[in-house]
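Subject: Structure handover

Hello,

Here is the structure I promised you. Please open it beside this email; my notes follow below.

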Amino acid sequence: MAKRIDVHGLTAYYGAHKAIEDITMHVEPTSVTAFIGPSGCGKSTLLRTLNRMHEVTPGGRVEGKVLLDNEDLYGPEVDPVAVRRTVGMVFQRPNPFPTMSIYDNVAAGLRLNGIRYRKSELDDIVERNLRGANLWHEVKDRLNRPGSGLSGGQQQRLCIARAIAVEPEVLLMDEPCSALDPISTLAIEDLIDKLKTRYTIVIVTHNMQQAARVSDRTAFFNLPAVGRPGRLIEVDATEKIFSNPSVPDTEDYISGRFG
Ligand SMILES: Nc1ncnc2c1ncn2[C@@H]1O[C@H](COP(=O)(O)OP(=O)(O)OP(=O)(O)O)[C@@H](O)[C@H]1O
């Protein structure tokens, strides 16, 4: 089941460096939320706080709260590994496990979870998720070939198949199309549109048209001054942000006057 995310007064650090400050917002389930803003304003940092990946970076820590359907992801009892299973992530560069077959790439997360599946069960899961990632027809005759032999766009859809195979509740995407050509980008955007009926999706993008095309809500972040932490400027329905934003800085950014 897709879940709602509530971020409350979130500040994130890299050692002594405060990267983002006092972010409060929510992310709605079964919808796409885009994070936009100039380079260095903390979009990727905030994204990584949503599945506790931020703390994997040395010195990475947070203050504040991230609630997933009212459960604090940073609560004392919470296992960060379990969080990353519930809140999946797709990265900027497609990163299939290079020596693994297409089949094993999709099955990898399931095997890591330690559950034993019968071969026929696993076959079904792999097929279902490759279909879910709009990749099945392109790879069904070469499932045992390495994932690294696919095109960049196919590799990214393979990574999405791998991410959804473990049935996460949220899917985080950090510039998932920035290494892809326009055709592969459209394929991923179509896929995002299809996936949002089942998942809560957050996507970081530098591409304004992409944010306008794929997202339901858009959050604009900015740096108040050089060296200062990034702040959330406004978050609203994507249509509103792109047609009639409340804050002049948002208007300046989306119309290309800075950033
Ligand atoms: N591993 C790291 N160690 C130290 N500082 C970091 C690290 N990663 C990011 N930062 C700093 O945190 C701040 C926010 O960076 P972040 O990558 O989240 O911004 P961004 O908006 O995603 O940028 P971009 O659009 O260029 O990807 C920046 O000041 C950046 O220099």
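How many helices and strands does the protein chain have? It has 10 helices and 10 strands. Helices (H or I, at least four residues) and strands (E, at least two) are DSSP runs, numbered from the N terminus.

Two points on reading the notes. This is a predicted model: local features need pLDDT of at least 70, side-chain atom pairs count only at pLDDT 80 or more, and totals for chains, interfaces and linings use all residues. Residues are numbered from 1 along each chain as its sequence is written.

**Overall shape**

The radius of gyration of the protein chain is 18 Å, close to the 18 Å that the globule rule gives for 259 residues, so the chain is as compact as a globular protein of that length. The radius is taken over C-alpha atoms, and the rule is 2.2 Å times the number of residues to the power 0.38. Along the principal axes, the C-alpha atoms fill a box of roughly 55 × 45 × 30 Å.

Of the 259 residues, 42% are buried. Buried means that 20 or more other C-beta atoms, placed from the backbone, lie within 10 Å of the residue's own. Take the contacts with a separation of 6 or more: 69% of them join residues 24 or more positions apart. A contact needs C-beta atoms, placed from the backbone, within 7 Å.

**The annotated domain**

UniProt, in an unreviewed entry, places "domain: ABC transporter" at residues 5-248. Its positions are given in the numbering used here, feature names are shortened, and annotations may be inferred rather than shown by experiment. Over residues 5-248 the chain is 35% helix and 26% strand. The end C-alpha atoms of that stretch are 27 Å apart.

**The four-stranded sheet**

An open sheet has the order E2-E1-E4-E5, with antiparallel pairing. E2 and E5 (71-72) are the edge strands, each pairing on one side only. Strands pair if DSSP finds at least two bridges between them.

- E1 (residues 5-14) and E2 (residues 17-27) share seven bridges. Tyr14 stands opposite His17. Two residues lie between the strands of this hairpin, where Gly15 takes a positive phi near 60 degrees.
- E1 and E4 (residues 60-68) are joined by eight bridges. Val7 has Val66 as its bridge partner, Ala12 faces Val62, and Tyr13 partners Arg61.
- E4 and E5 are joined by two bridges. Leu68 has Glu71 as its partner. This hairpin also has two residues between its strands, and Asp69 takes a positive phi near 45 degrees.

**The ligand shell**

Which residues surround the ligand? They are Tyr14, His17, Ala19, Gly37, Ser39, Gly40, Cys41, Gly42, Lys43, Ser44, Thr45 and Thr57. The cut-off is a C-beta atom, placed from the backbone, within 6 Å of the molecule. E2 and helix H1 (43-49) are the elements that give two or more residues. H1 gives the most, with three.

By class, the shell has three nonpolar, eight polar and one charged residue. Here Ala, Val, Leu, Ile, Met, Phe, Trp, Tyr, Cys and Pro count as nonpolar; Asp, Glu, Lys and Arg as charged; the others, Gly among them, as polar.

Best wishes

Definitions and conventions. Buried ≥ 20, exposed ≤ 12 C-beta atoms within 10 Å, placed from the backbone. Contact = placed C-beta atoms within 7 Å.
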